[in-house]
Amino acid sequence: MKKTVTRILAVKPSSLGDIFHVFPALELLRRNFPEAELDYLVHPAFAEVLDYSPFPVSRRILFNRKRLGKLPTLVPEFLKLVREVRRNRYDLVIDFQGLTRSAIFALAAKGGPVAGFAHPREPAARLGYRRAFDVAPGHAVERNVNLVNALCGRHDPVPEPLLPENPAHAAELAALTGPLPEELVVLLPGSRWETKKFPPALFAEVVRRIHAERPECVFAVLGAASDCAEQAAIREAAGPGIPLLELAGKTSLGVMVETLRRAKLVISNDSGPMHAAAALGRPVFGFFGPTDPEKTGPYGKNHRIYQLQLDCQKCLKRNCRQNAPLCHRLDAGQIAADCIQTLTTGE
């Protein structure tokens, strides 16, 4: 790798959790190339989380997948995106996504070389890389870090999470909620896959049990507007007397991050916001069924994973033929007891 690197393009448009998985690798890039500027190709829906990038982003190039996926807008959007990635000349382009489409836009950028995984998610993406590195399987965070290590000829460990508070988003949060209680427990009941959505009744039962032992706790539901149905179901199932802040659909991504920062712990499905909580160093109590927490679970220490031992676990299916998937039958009592222990002892 040549030593003079003045501008880098990182390609990892989505999803939310995947972008947080790239942040430790961006920190290593910053350490290896402290004089360089970073541009980032990102889906518009997730551009705001780059406010928390450990390597400050000079320019956000918007990858509008929806417009690229429609015949009337495909060509103009494609040409617009190519112009954007060719506006600057790059000394280094890294495709962390590993898809054919991400490799195409990485290859379209001026300069290079384009670097990526020797075994990307879609094999055709490999054709776009001038430099491909054989990175060991493992958690996505470690794979991204090891890609940068291989590129730079180093063996640095994964950096500790460091997402400094964003004053603008913190001010938005204060305007929305006022001062938040010290004993804040955040619930993340949403997810894009139906099989990842554990029943609101499970969240509600865990909340009731925590409230019975720790009545000073206040609970907050975070998520997109599409998670409001789960939020309402939790409210109804939890019953009266439970202090529950209903914030789903009311926060930007930046305000969501600042809310998670203030949580004592986070109870979550496998979702993008779960990875934001992990990146902030918040203890995550994560519910897993069809996915593999060893590869895409909350990264770091002090997290607890709940996943039943079933023949069909880690099936990677977005939908289940059963109306009530077996993997969703977690023990609310055990989850609540673990949460209470962490709230009481900090461990």
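Colleague: How many of the residues of H10 are buried?

Modeller: Keep in mind that this is a predicted model. The buried set in H10 includes Gly272, Met274 and Ala277. H10 is mostly covered, and its buried count is eight of eight residues.

Colleague: Which elements do the buried residues of H10 pack against?

Modeller: Pro273, His275 and Ala279 are among the buried residues of H10. Those buried residues pack against strands E9 (184-188), E12 (265-269) and E13 (284-287). On the helix side, they pack against H9 (253-261), H11 (293-296) and H1.

Colleague: Are H1 and H10 roughly parallel or roughly antiparallel to each other?

Modeller: The axes of H1 (residues 16-32) and H10 (residues 272-279) come within 7 Å and cross at roughly 25°. Angles under 35 degrees count as roughly parallel, so that settles the label. H1 and H10 are therefore roughly parallel.

Colleague: What is the make-up by class of the contact of H1 with H10?

Modeller: H1 brings Leu16, Gly17, Phe20 and His21, while H10 brings Gly272, Pro273, His275, Ala276 and Ala279. Sorted by class, that gives no charged residues, four polar and five nonpolar.

Colleague: Moving to strand E1, does Arg7 count as buried or exposed?

Modeller: Arg7 sits in E1 (residues 7-11) and touches residues including Ala36, Ser58, Tyr90 and Leu92. The cut-off for buried is under 20% relative accessible area. Arg7 has 15% relative accessibility, so Arg7 counts as buried.

Colleague: Which side chain makes a polar contact with the side chain of Arg7?

Modeller: Glu37, Asp39 and Asp91 are among the residues that Arg7 touches. The polar contact, at 3.1 Å, joins the side chain of Arg7 to that of Asp39.

Methods:
Residues are numbered from 1 along each chain as its sequence is written. This is a predicted model: local features need pLDDT of at least 70, side-chain atom pairs count only at pLDDT 80 or more; totals for chains, interfaces and linings use all residues. Side-chain values use heavy atoms; hydrogens and water are left out. Axes are lines fitted to C-alpha atoms, for helices over the stretch in contact, and angles run from 0 to 180 degrees between N-to-C directions. Helices (H or I, at least four residues) and strands (E, at least two) are DSSP runs, numbered from the N terminus. Angles under 35 degrees count as roughly parallel, over 145 as roughly antiparallel, 65 to 115 as roughly perpendicular and the rest as oblique. Contact means heavy atoms within 4.5 Å. Ala, Val, Leu, Ile, Met, Phe, Trp, Tyr, Cys and Pro count as nonpolar, Asp, Glu, Lys and Arg as charged, and the others, Gly among them, as polar. Buried means under 20% relative accessible area, exposed over 50%, partly exposed in between (1.4 Å probe, protein chains only). A polar contact is a pair of N or O atoms within 3.5 Å; within protein, one must be able to donate a hydrogen and the other to accept it, and residues adjacent in sequence count only if both atoms are side-chain atoms. Lists of a residue's contacts leave out its neighbours within four places in sequence.
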